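User: Hi! Could you walk me through this model? I have a few quick questions.
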Amino acid sequence: MAEATNADDYATEIRPKADWLLRLACMFLLVCFLLAVFAHILPLYGYSTMGPARLAAPSSAHLFGTDQFGRDILARVVFGIRTSLWVAAIGVATSTAIGMPMGLMAGLLGGATEAVFMRILDALLAFPALLLAIGISAVLGSGATSAALALGIVGVPQMARIVRGAVLAEKSNQYVDAARAIGVSNGMIMLRHILPNVAAPAIVQAALYFSVAILTEASLSFLGLGVQVPLPSLGSMLYEARQFMSLAPWYAIVPGTAITLLVLAMNMLADALRDRLDPIQ
Amino acid sequence: MGPFVLRRLLDSLPVILLALMIIFAGLRLAPGDPAEMLAGPDPSSATIAAIREAMGLDRSIPAQFILWLRAALSGDLGLSLVNGLPVSELVGDRIGPTVELAIAGLFLSLVIGLTTGLAAGLRPGSLTDRLVSTFASLGLATPKFWSGILLIIVFGLNMRWFPVAGRTGFSDGVFEAVRSLALPALTLAIGNAPIIARFLRNSIIEARKSDHVLTAMSKGLPMRLVVRDYVLRNSLIPVVTAAGIILGNLVGGTALVEIVFSWPGLGSLLINAIGNRDYSVVQGVMVVVVAGFLLSSILVDILYGVLDPRIRQVNHG
Amino acid sequence: MSIAVSQLSVDRLNVVYRAAGQRRHAVDDVSFVVAPGESLGLVGESGCGKSTLAMALLGLLDPELARTRANSVRLGDIDLFGPGADAARSQTLGKRIGVIFQNPLVALNPVLTIGRQMMDHMRWHLKLSAEAARERAAALLSEVGIVDAAHRLAGYPHELSGGMLQRVTIAMALACEPELLIADEPTTALDATVQAEIVDLILALRRSRGLGLIWITHDLALLTRIADRVAVMYAGRIVEIGSITQIYNRPSHPYTRALLASVRSMWEESKGPFRTIPSAPLGSDTDLEGCAFRPRCAHQDKTCASRPSLVVVGEADHEVACWRPVAEGGT
């Protein structure tokens, strides 16, 4: 049987990854990022500038049409992307900032610390993710920052688990025992040996969570819990679009497509990162 | 099997307790004074104080928690801060439609996910496989509320095959009930079937390469028996994992779908309560949802034990 | 309990792996014969193609990864590679040829009971009822030394130790009364004491049934107990084949000699240094044109640039593929 598996090493099954697709996704993300950063400078209508043409279909004046207050949908979508990206980014950063130390401590210290941390994480996981985000938003009040915080907290269990798993895997490596036997301190062990190997899965997890964060932020705004007026958000735009479904179906298409494409592109990027950095996962 | 189930239940007790503590903490941290809100318009401070005492809000936090816990366990989830009705009643009215929707969503997700995952897994690299993969990626990326709206526009408004909002109960006719359930359940399935499909596809491909499949083939068994007993049977376990994952998505997703379709369930109750700052109702819904979610997680674990004899063994110690 | 046992003859078996644009012969033009009831040892280092050879002649290699070709592979008069190969294989595998693998824990399906796995091919090939199959399975388990057979049938693989599980797979391979047993490194993954037990068991079963046996191993010393004949493989080719005494006492191929030397040095010169074979084992740049062993051979010269075929050396049933075989008494 040894031979049969040796042969597998020779004939690797490479899923024909459409490389061009990945590049397209990265370019799309880059464009969105640039749009988000330079939104204010772009030659667009203001996102709260109301106009006479209400619920107008797409035209040369308004590429994606207007909403019920005559506001340009294209402008609102661009700013909505900006909102989605920065709220999601803060959410991911928060979840990493909290989850990574938790995972590191749980993995390295073990014992009571680990047990307590794991129980807390389990308790957080007892809530379905979206519901937890809704609950936290309810308590913290609505607004972009509380949405970001909610996203951060919801993302902690996964990040902490992944980091802890990576730490445990590294800890059991012989060279850690060897280092300890020589007398290297715990701190040095962590820095030199364990941290570098934890970085990869953590990055992959952050990338994966980013797309979840985008969807969750949109969901929160859809429910009225996320960013508030006047800041435009793709989710709240869809909520309004729902009311005018029969009158202006195009209203719903653009924000939804924007979210979907963002998430798709992010997922592709995350998968590619995972294949490069942490293929075992 | 019995000891395994018992152990699983016991293991989840501390988690349930912690989760309830989190809900209670949220309740206390929420802005607004419940006593004031219940007292009605222009209350005197004496009224407020009386209500506060009746609700036990003058006691210490741990004592409050115990009180609250005891009440919750006996079915008393408090009173709505907006209309004074018992929360358990409000929840009770709405829980049926939500469960209905969640089960329908689960069912559709399984049906679509299992068939597509099977087709893709048995023919890896084929056109079928790539098509399934593409639709899976799309389905996962699409926000549920958007696919719901799109479905309404296409099938509800344009083609008029399905109603666009509201729910028809089963007592009013099975056909109509199913019709009103179809689009909401499909919306849930679009986001969750891909997870099932991917898990099944990958586990079939893995199982096919495994050594016990080679042994089965060396015994001269025909391919269909090998696929049935050595590939598919083993692929089911990861599917249970996938089902466990989508449970959370389904429960959370119903909140969104209920708003889109005006479905009278717990999700819309929750969102309305948040809008009204009725934290009493919020807390009640959370307790019920978390309890239900944990229960279904335990059921999933038990299912694991049924399918994989090694799991049963491990838990015996 | 003797059954009609046939001869296995393999004629020009080839296995080519395609990877990253390169072709690699995992099994290179191999032919050999296993006489009825004879025991053949197939020996070589890791990667020499011995396991691939066994899987290939049964037609079990994944066609996506490897291309298997042969003039013929006959058990008696049924050709597993001729027209009607599929039907031939489904009638032969499990029924006339039984296979035992290296790691019993992964060879068995963890979610099916042992009884189920022992019985499913029995019922398929022999058309037995569930009752009859169960009785037969229990009898087989007892025969291989598993106590409480009926109870074990209802149990799962993870409940048994490695040695016990290997007994189960042996019983499973014998279930339909095959004429030939192929054992792919069956004791490599087991403890030393258990190894000896399993070897004894297989030998006893073979004697009582008159089975043919192909035993694949990297351990030449082990074959002294088991094999009537030995085929030495290197880089997918058979470089020497002969009876066990011929191979042991008069090894002619430089590789065989080196293998023996490194084995003997373990036993005889436990104080001295190991004798190792110089340079690295086969890589994908193995010289396909000439003799495969040439890069590591101390005796090679320019005649070795063309590929040697098996020729008789000494006695009629002793063949070696070498231009300059080492004569008796040589280094």
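User: How many residues do chain B and chain A put into their contact?
Analyst: Chain B gives 38 residues and chain A gives 36, where contact means C-beta atoms, placed from the backbone, within 7 Å. This is a predicted model: local features need pLDDT of at least 70 and side-chain atom pairs pLDDT 80 or more, while totals for chains, interfaces and linings use all residues. Residues are numbered from 1 along each chain as its sequence is written, with chains lettered from A and ligands numbered from 1 in the order written.

User: Which helices of chain B supply at least two residues each to that side?
Analyst: Among them are α1 (2-29), α10 (223-261) and α12 (279-307) of chain B. Helices (H or I, at least four residues) and strands (E, at least two) are DSSP runs, numbered from the N terminus.

User: And by class, what is on that side of chain B?
Analyst: There are 31 nonpolar, 6 polar and 1 charged residues. Ala, Val, Leu, Ile, Met, Phe, Trp, Tyr, Cys and Pro count as nonpolar, Asp, Glu, Lys and Arg as charged, and the others, Gly among them, as polar.

User: Switching to chain C: what is the strand order in the sheet of 8 strands?
Analyst: The open sheet runs β6-β7-β8-β3-β9-β10-β12-β11 in chain C, with mixed pairing; strands pair if DSSP finds at least two bridges between them. Its edge strands are β6 (97-100) and β11 (311-313) of chain C.

User: How do β9 and β10 of chain C run, parallel or antiparallel?
Analyst: Antiparallel, with 6 bridges joining β9 (residues 229-234) to β10 (residues 237-243) of chain C. Val230(C) stands opposite Gly242(C) in β10(C).

How values were computed
Two residues are in contact if their C-beta atoms, placed from the backbone, lie within 7 Å.
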